[in-house]
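Subject: Structure handover: helix packing

Hello,

I am passing the structure below on to you.

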Amino acid sequence: MTSHKKPTDILRQEHENVLQKLDALEGVISRLHEKDAIAAQLKDLASFFNTDFWTHFAKEEEALFPELEKFIPRDAGPVGVMLMEHDELRKTNTEIQRAIDEYFTGSDSLQASAVIQNHGNSFIMVLRDHINKENNILFMMADMHLDGSQEATVLKRFDEIENTGGKAK
Ligand SMILES: [Fe+2]
């Protein structure tokens with residue numbers, strides 16, 4: 001028997017990776033006064049949340065959610081809530097990215113640190129809670145309702161998205 005990975009298995013695995021990055025981000029933003037020591041890690045994290053992370057969102061928004069919406073209307077259920085939270089996270093991420101640029105290249109790195117901390121802590125809190133809801137509510141619904149051919153459609157879209165890469169929209 002060949003092992004068959006469901007779309008939600010892949011997304012759950014990506015969530016584990018995102019949660020690890022959030023732990024790292026939490027550590028780094030509490031040490032912004034040690035710029036030399038954290039610079040490389042902060043740059044790596046900024047890059048992750050500006051690229052790979054959007055590939056993950058694209059997989060949900062452009063592959064999984066459309067199949068779910070065939071039986072859960074967007075406005076009446078968790079898909080609509082997840083999309084609203086994605087938008088909020090995109091906006092917060094834009095602020096964080098701008099503040100990180102400022103932190104490295106601007107004249108007021110103290111001010112930039114404060115902005116990174118504010119938005120960073122909110123991003124971490126909202127995203128952990130968001131992942132928890134996706135894992136425990138939305139993906140459970142997907143596991144119950146998607147049939148084999150829908151799962152195959154989602155997996156095929158995942159491949160296409162992987163090949164074109166994600167970007168912050
Ligand atoms: Fe997700």
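A crossing of two helices is called left-handed if the near helix is turned anticlockwise from the far one by less than a right angle, and right-handed if clockwise. Please keep in mind that this is a predicted model.

By that convention, H1 passes H5 in a left-handed crossing. The contact draws on Thr8, Leu11, Arg12, His15, Val18, Leu19, Leu22, Leu25, Glu26 and Ile29 on the H1 side. H5 contributes Ile116, Gln117, Gly120, Ile124, Leu127, Arg128, Ile131, Asn135, Phe139, Ala142 and Asp143. Sorted by class, the residues of this contact are twelve nonpolar, five polar and four charged.

As for geometry, H1 covers residues 7-29 and H5 residues 109-145; they pack at an angle of about 165°, and their axes are 10 Å apart. H1 is therefore roughly antiparallel to H5, since angles over 145 degrees count as such.

The other pair is H3 (residues 52-68) with H4 (residues 78-105). Their packing angle is about 165°, with the axes 11 Å apart, and H3 and H4 are therefore roughly antiparallel to each other. H3 passes H4 in a left-handed crossing.

Which residues meet between H3 and H4? From H3 they are Phe57, Glu61, Phe65 and Leu68, and from H4 Val79, Leu83 and His86. In this contact, five residues are nonpolar, one is polar and one is charged.

Regards

How values were computed:
Residues numbered from 1 in each chain as written. Predicted model: local features only at pLDDT ≥ 70, side-chain atom pairs only at ≥ 80, totals over all residues. Axes fitted to C-alpha atoms, helices over the stretch in contact; angles between N-to-C directions. Helix = DSSP H or I, 4+ residues; strand = E, 2+ residues; numbered from the N terminus. Parallel < 35°, antiparallel > 145°, perpendicular 65-115°, else oblique. Contact = placed C-beta atoms within 7 Å. Nonpolar A, V, L, I, M, F, W, Y, C, P; charged D, E, K, R; others polar.
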